[in-house]
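Dear colleague,

Please find below the structure that I am handing over to you. My notes on it follow directly after.

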Amino acid sequence: MTDRAVTQGFGRRGRDAVIIDNDVVDALAHELLGPHDKSVPPAAWGHTVREYLSGAPELTHWQTPLLTLDRARLDANRDLMAQWTATAGVALAPHGKTTMAPQLWREQLIAGSWGITLATAWQAQLARSFGVGRIMLANALVDPVGLVWAAAESARDADFEFYCWADGVATVELMDKILRETAASPRVRVLVELGGPHGRTGARTRAEALAVAAAVAASERLTLAGVAGYEGALAHDRTPAGIAAVCGYLRELATLHTELAATGAYSGPSLITAGGSAYPELVVDELAGLADASTTVVLRSGAYLVHDDGFYAGISPLAAPAVDPGLRAAMHGWARVVSRPEPELALLDGGKRDFPFDEGLPVPQQVIGGTLPPGAVVTALNDQHTFLRLPGAASTDLPVGSVVRLGLSHPCTAFDKWRLIPVIDSADAVNPRVVDLIRTYF
């Protein structure tokens, strides 16, 4: 291990070096800012990130629309989840697709994360370019280019740990065929994915999942490394029916793992992994007891770091104020009033290209340069405009040029609209300062 790598102990098996290349991540501070970076002020163009930040810039210097991250809240959310999972006795491999931001992945790894979860081969390749040493691909990998890359990368670096999923015998047979046509390499670690009725991917019954495991065991190029699943596809609320569906599914996942372990299907240490950001406590309740010297339980929550003021605020068991201090939204939208064409309507200069809308519309929270009338509500988004309805408002309440701070829902579809995101000291400050810039890759 070189001094270029951040190392941290994780897991329960002693093979616990997870790395990310500090030099590659730090090099982002030397990138030049320019008009290709949305909403960056022209005064920053031609300067490196480090040079720009050295001037203690203010948020008011930036153009709108804008997405920001709150440094204090990011830190608090990261530390809360690290402590919560450690106390629960489970490992954490946060889903990196949420942010696609290696700077934030590094913070999560340093805080104790076991690895980084990703969804596509390209995302895994991007993570490897930043030196991430343990990757969970929460998906089947049957793209020949991606699968051959994963095998070759494992052969190139014996310390690299890569895991992917399979939910059908045909999937396993195709993976085996692709790998048999390439140069010999270490066996690719595969987790059998169990699904649920009307869910997403995953074998629909334990019998089907056992057949997948048997096919993996029969392959000369694959090795069975555990079982996996995603409970978030089975419910979208905390009704008794939703909770029952999630818990029942997680028990099936636990039973599958127990059956495989009892028959000696695993040739070495194994994983059992589940968990989004909506039901992490249910995953812990149903699976944490399976952790032992040979089994690591891995939670894959991704939204916790940024959290939100919408879907996750309403469903996460760790959200404030239900939990103190609790997860709090660390992202906000900022948009300027550009038109007051009707007494009870304001048009803002941010829209679908700037802010998420798939899990709820933005929520107006406060105003710079005006007053937020009671009952103000966002009713629609166009590509570049937000419709802010103002029942009973006076035209002077929210004048053209005032800036509205918006609470947002769903970090996954907020980050993918921005390639560079300013981090401010506090969204609640009278005059927020920009303290960092986060580069994303989508």
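W105 touches I20, G96, T99, M100, I116, L118, L126, A127 and V132, leaving aside residues up to four places away in sequence; contact here means heavy atoms within 4.5 Å. The model is a predicted one, in which local features need pLDDT of at least 70 and side-chain atom pairs count only at pLDDT 80 or more, while totals for chains, interfaces and linings use all residues. Residues are numbered from 1 along each chain as its sequence is written, and side-chain values use heavy atoms, with hydrogens and water left out.

W105 is also among the residues with the most contacts inside the largest nonpolar core, together with L69, F162, V188, L287 and L388; this core has 121 residues. A nonpolar core is a set of buried Ala, Val, Leu, Ile, Met, Phe, Trp, Tyr and Cys residues joined through side-chain atoms within 4.5 Å. Buried means under 20% relative accessible area, exposed over 50%, and partly exposed in between (1.4 Å probe, protein chains only). Helix α9 (residues 240-262) supplies the largest share of the core, eight residues; helices (H or I, at least four residues) and strands (E, at least two) are DSSP runs, numbered from the N terminus. Another core, of 12 residues, lies apart from it and includes A91, A93, W114 and Y163.

D70 caps the N-terminal end of α3, with a side-chain oxygen 3.1 Å from the backbone nitrogen of A72. Within α3, the buried residues include R71, L74, R78 and M81. Just after α3, G89 takes a positive phi of about 80 degrees.

As for the aromatic residues, rings of Phe, Tyr and Trp (its six-membered ring) pair if their centres lie within 6.5 Å; planes under 30 degrees apart count as stacked, over 60 as edge-to-face and the rest as tilted. The count by this rule is seven aromatic pairs. Y52 and W62 form an edge-to-face pair, at 6.3 Å centre to centre and 65 degrees between the planes. Y52 is buried, with a relative accessible area of 11%, and W62 is buried at 4%. Ring pairs also link W149, F160 and F162 into a cluster.

Yours sincerely

Terms used
A polar contact is a pair of N or O atoms within 3.5 Å; within protein, one must be able to donate a hydrogen and the other to accept it, and residues adjacent in sequence count only if both atoms are side-chain atoms.
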